[in-house]
Amino acid sequence: VDQMTYEEFMDPLPSPCGLFVASMKPLKGQVVVHIDAAGSDAMLERSYGATPVVVDKPLASGSMSDIEVTQMELIAIALLEELGDAWKGLEEVQPKLEGIENEARFCKVVHPNEMIVLTSFNLSIGAVQGKLDIVYPFLVLEPVIGKLSAKYWYEVKRDGLEAPSLKAARRANMDAEIICDAGTLSIVELRALRTGSTIAIPGWDAGDSWLRLGGQRVAELSETVRDGTTIKATIRGGGSAGAPTTAPDTMVRLSDEVRGAVQAIESSVSGALKAMAGRLDELKGGQEDLSDRVLFGQADQAGAGSVAGHGRRPFSSLSGAQPEALALFLASERPQVCALVLSHLDDSAAARILSLLPETSQTDITRRIAIMGGIAPETLSGVESVLAKRLASADRSGPAAGGIQKVVGILNFAPRDTERLVINALSDSDPDLAESIKRTMFVFEDIIILDDESIAAVLEEAAEQDFIVAMKPMKEEERQRLLERIPEGKRKALGAAYAALGRVRLSECDAAGFRVVEIIRRLESEGRIGILRQGE
């Protein structure tokens, strides 16, 4: 525990770092929880199913991703619940996470010169040693500052006033029981006991019993008598140490029998409803599992991979996502997150995504999948939720715009001079794009729009084998129309050669057609043939 200014604590912190800002209602102001990079990294690795190991440079030393922030929020919420329990003996506070900051200079909860109380803890996660700090500004502690001393808790009060520690002890909730000695039973009597057997309790008949609080005997009772729903007894002098000795007759009330019956009925109905709800969850999970099998073709292993309490496969919402899009998002995540996601996807999808991830991390991800440990359902749900939101934001389902086809359509209606200017300029600046546009603007199948003289001129320049192979993908009626416009002598030779042509790869047909198209473009540029466009 140390005392310093807020600036003295914040300035030495690295950038970025992990800072959690929390309120402490009903106390005013906010506290700051800081976990160093080693501790944050080990917590994240363990949350995602890895065994934390000591590394030279923790991954958490950089800015955290959305997935990591989501997990750290869960960790911070659990930590703050424990912090609230630690404060219960002093003040009933309700710590609540207000935000997470990665930059110390942006975490301005108080003035830099404000005094703070710093509590620092050693943090151990597996073999990793980290550090956890809790910053209490004076503004937060001011209402209870008088209670933060040993003198306050242990001083002896005068004038009948009790010490605060005794008050706190008296406020504690403890189970109350009345115990009565049944005497000595023989082994034979013990073996003969059955449901409904009656045992004599001499102490009860004599009015003697014990009062037990929190599992400890605190007072000996006498004159114990049951009066309807109430037990009346007197605390006998000389009871156990610490037991009150001056109290008069004390009444220890039991639960009302009618109330007990109602509670029994309520418990029975509640149990039946929970069982029914559980069965409905199982049926719902079975329906989702069946849908996954029908849609995606790979059944779950028996019970493996289902989220506890939900009955459905983790990451089932990502089953229809494009591997390329998912790999793009996972490429910026830590290897353990990638291993976590891939281990819950179908094998084929996981293999495709793994091949798209950086080669430098593929081996590490595969190793982590093989040795992965248990993961909390909340962690699985958090990772899936973030990835689903990312994929949804990347899915642009609006009408398609632009593209090569749109350029081709525009240039087909543009004047020849404009077309030639654009294509020549693109050939200099972006040859690949210009080539794609050329290929799309006029394909081999468009040869049927040429006049007979132009077709004959093309046949003279093009290789006969290219012309025959390029006709292979054409529709039968288009092929016949093309052959009918070829001079008769040439037509028979081409028809016979085509009939003798066997199976040909589509890529070879495209290449042959493109060579013919190049000849057509060259003849057009030389003015030897003309290509009529739409509207001409």
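## Close-up views of a predicted model

**View 1. Valine 269 sits in helix H9 (residues 257-296).** The model is predicted. At 44% relative accessibility, valine 269 counts as partly exposed. A nonpolar surface patch of about 590 Å² includes this residue.

**View 2. Isoleucine 116 belongs to strand E5 (residues 115-125).** Its relative accessibility is 1%, so isoleucine 116 counts as buried. Tyrosine 6 is 110 residues away in sequence, yet the two C-alpha atoms are 5.9 Å apart in space. Leaving out residues up to four places away in sequence, isoleucine 116 touches several others, among them Asp2, Tyr6, Phe9, Val135 and Phe138.

**View 3. Glutamate 333 lies in the loop between helix H10 (323-330) and helix H11 (335-342).** With 8% relative accessibility, glutamate 333 counts as buried. Its side chain makes a polar contact of 3.3 Å with the side chain of arginine 390. Beyond residues up to four places away in sequence, glutamate 333 touches Ser65, Ile67, Cys338 and Arg390.

**View 4. Arginine 236 and aspartate 208 form a salt bridge.** Their closest N and O atoms are 2.6 Å apart. This pair links distant parts of the chain, 28 residues apart. Arginine 236 is in the loop between strands E10 (230-235) and E11 (250-253). Aspartate 208 is in the loop between helix H8 (202-206) and strand E8 (209-213). Arginine 236 is partly exposed at 30% relative accessibility, and aspartate 208 is partly exposed at 29%. The whole structure holds 23 salt bridges.

**View 5. A salt bridge joins arginine 368 and aspartate 364 within helix H13 (residues 359-370).** The N to O distance is 3.2 Å. The two residues are four apart, about one turn of the helix. Arginine 368 counts as buried, at 15% relative accessibility. Aspartate 364 counts as partly exposed, at 23%.

**View 6. Helix H20 (residues 476-484) has a buried face.** Its buried residues are Arg479, Leu482 and Leu483.

**View 7. Arginine 479 meets glutamate 476 in a salt bridge of 2.5 Å, N to O.** Both are in helix H20, three residues apart, so about one helical turn separates them. Arginine 479 is buried at 6% relative accessibility. Glutamate 476 is partly exposed at 44%. Elsewhere, salt bridges that share partners join Asp41, Glu45, Glu68, Arg334, Asp364, Arg367 and Arg368 into one network.

Conventions. Residues are numbered from 1 along each chain as its sequence is written. This is a predicted model: local features need pLDDT of at least 70, side-chain atom pairs count only at pLDDT 80 or more; totals for chains, interfaces and linings use all residues. Side-chain values use heavy atoms; hydrogens and water are left out. Buried means under 20% relative accessible area, exposed over 50%, partly exposed in between (1.4 Å probe, protein chains only). The arc is that of the directions from the helix axis to the C-beta atoms. A polar contact is a pair of N or O atoms within 3.5 Å; within protein, one must be able to donate a hydrogen and the other to accept it, and residues adjacent in sequence count only if both atoms are side-chain atoms. Contact means heavy atoms within 4.5 Å. Patches are made of residues with over 30% relative accessible area and no salt bridge: like charges are joined within 9 Å, nonpolar side chains (Val, Leu, Ile, Met, Phe, Trp, Tyr) within 5 Å. Accessible areas come from the Shrake-Rupley method with a 1.4 Å probe; for residues, only the protein chains shown count as cover. A salt bridge is a side-chain nitrogen of Lys or Arg within 4 Å of a carboxyl oxygen of Asp or Glu.
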